[in-house]
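Work through the following exercises with the sequence and the model open. Each task is followed by a solution in steps.

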Amino acid sequence: MREIPVWTSEVWFENPADPQLTSGDTQTQRESSSPYRDEMIYPTCVYFCCCVLSAAVIHVCVGEMYTSLLNVKQAISVERKLIDYLKTYIDHELERLEDVKRFYSKVSDLHTDLYKGPAATMANPLVAFTLIKRLHSEWLNVVHSNEALENAQALRSSYEEEEAGLPQLEDLQGAAKGLMRLQDVYALQVASLVNGRFQRLTDGVTIDIHLPAVSVLLSGDDCFLVGKVAYEQEDYYHSVPWLEESVRLFRGTEGEWSPENAGTLEDALDHLAFSHFKTGNVSYALSLSQELLHHDPMNGRVLQNVEKYEKLLVVSPPRSLRGDGLRRPSSNYLRTRDNYERLCQTQRHQQPMHFKNPELFCDFFSNGNPGLLLQPVRREVLSLQPYVVLYHDFITHTEAEDIKGLAQQGLRRSVVASGEKQATAEYRISKSAWLKGTAQSTVGKLDQRISVLTGLNVKPPYGEYLQVVNYGIGGHYEPHFDHATSPSSPVYKLKTGNRLATFMVYLSSVEAGGSTAFIYANFSVPVVERAAVFWWNLHRNGQGDEDTLHAGCPVLIGDKWVANKWIHEYGQEFQHRCSLNPDE
């Protein structure tokens, strides 16, 4: 492990950290991405892939498996192959060991029966010959056999054949950050997560916020890797609880090492001690370092740290060294974090006071269109400012599966607006594909249905191609606007004005989490499978409606798929007229 000195409190302390990981994006401007990059070439390519190369193998971009649960599921088949390779290796090794055991039995029997006999035994030239031959060549062949090496090399070669489908370091880091995100947003207890439970502390009582159908216990090594990811970002608020659990679990195994583990009790103690030191808890850092020396008494770096800790405790009382303690890292770009997280934790449509509003209602909606008179859509008005409605059973199960199937080939890491360009960001963890459809295709039929319900012109370029999104581990999209907030936004590349409205379809259900939270409007919409949410992004005067600031809450458990249709200003002159009131 690399030893990097850290200057703290005017003395040198030895930090067990590896080099710093790449920090997350901290952009302040957040808009949903537009497909119209590189002069509209990208959506055409996606359509070609979806419609023509439907049998192609899905290739995962390096380090982006964690951003799409579809890719995570595909990794299961890769591990199945690895299991088969390992089984073959074990079988070959067992055959080799059986041969070794047979040789051992043969030689042992000779020493038990033949060589303990009369001295005349060795006078037999045949006995003498077999002894000399065995010592010269048979033992040599057994001891220097290449069979073990060949078996191991065959296993390595098979593993390397699957490396393209294996997660990268960035995936491990992203998955760990996803767990920490869920820990924060849903106020989950780390100790409960380690035991496969999703619990939070409410008024001093631990409650289950969700009971998963399938669960798994985390090991000391699992917790160590999560804590190490936080540690390498100097995020001691998260590193401490995860490393505490790692130490507890490693202690329970009495420090027994397993070949598949990346960490040990000594590693966990090392990182935990320095984490506590960085938060001001010098006395506990000293205690942990002393425990580490019990296991590794010749560790010079830790010996130096112990000496420094002891000097600090002599010079200053422990209380004055405690610093800020475990304080959650601040966010430079998420100023609405508290409200955002509270809404994500809400397990219903809206706050109770919204249900008392008599202007909110449910009905069967036809929008005056003859095509919907005999089969109107169930509409639920969720909010009047901003105007947000939920259309139940908007899409059939077959259509939803068709859309997801078409999108799989074109899924790429979702991006956000970054000035005039677009870039990936940690505050949006998902993959997206853009689908273009003909009139008779599923995508085309959805466009027609959206147009009938909204009365708007959704044909390109007045409506963007259908964006299909699959969320990853703890996948989310922190508070953002769908409409452009800057004249240089990529949204304007279509040259049809700003995004007037959003029509979002839930293509799947989730077990927990994943709600759409409207931050300033103070309500959230849970994932309702096959339903669609519609809202206006702009006022009638063309100005952006700040009340539409919304977020995709992290998916706690489940595989979340949505489809977005963004409708622009131009082309709606007769469908959605401007108001004579400039303030409306």
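This is a predicted model: local features need pLDDT of at least 70, side-chain atom pairs count only at pLDDT 80 or more; totals for chains, interfaces and linings use all residues.

**Exercise 1.** Locate histidine 476 in the chain and describe its surroundings.

Solution. Histidine 476 sits in the loop that connects strand E12 (466–471) to E13. Leaving aside residues up to four places away in sequence, histidine 476 touches residues including Tyr340, Glu426, Tyr471 and Cys553. Arg181 is also among these contacts. With arginine 181 there is a side-chain to side-chain polar contact at 3.2 Å.

**Exercise 2.** Give the strand order of the open sheet that contains E13, and say which strands stand at its edges.

Solution. The sheet has 4 strands in the order E13-E19-E16-E17, with antiparallel pairing. Strands E13 (477–480) and E17 (523–525) each have a single partner strand, so one side of each lacks a neighbour in the sheet. On average, neighbouring strands are turned by 15 degrees against each other, direction ignored. Within the sheet, E16 (residues 516–518) and E19 (residues 550–552) pair over 3 bridges. Phenylalanine 518 has histidine 550 in E19 as its bridge partner.

**Exercise 3.** Check the length of helix H14 (residues 397–408) and find where its buried residues lie.

Solution. At 1.5 Å a residue, the 12 residues of H14 should span 16 Å; the end C-alpha atoms are 17 Å apart, which agrees. The buried residues are Glu399, Ala400, Ile403, Lys404 and Ala407. Viewed down the axis of H14, the buried residues fall within an arc of 135 degrees, so they line one face of the helix.

Conventions: Residues are numbered from 1 along each chain as its sequence is written. Side-chain values use heavy atoms; hydrogens and water are left out. Two strands pair if DSSP finds at least two bridges between them. Helices (H or I, at least four residues) and strands (E, at least two) are DSSP runs, numbered from the N terminus. Axes are lines fitted to C-alpha atoms, for helices over the stretch in contact, and angles run from 0 to 180 degrees between N-to-C directions. The expected span of a helix is 1.5 Å times one less than its number of residues. Buried means under 20% relative accessible area, exposed over 50%, partly exposed in between (1.4 Å probe, protein chains only). The arc is that of the directions from the helix axis to the C-beta atoms. A polar contact is a pair of N or O atoms within 3.5 Å; within protein, one must be able to donate a hydrogen and the other to accept it, and residues adjacent in sequence count only if both atoms are side-chain atoms. Contact means heavy atoms within 4.5 Å.
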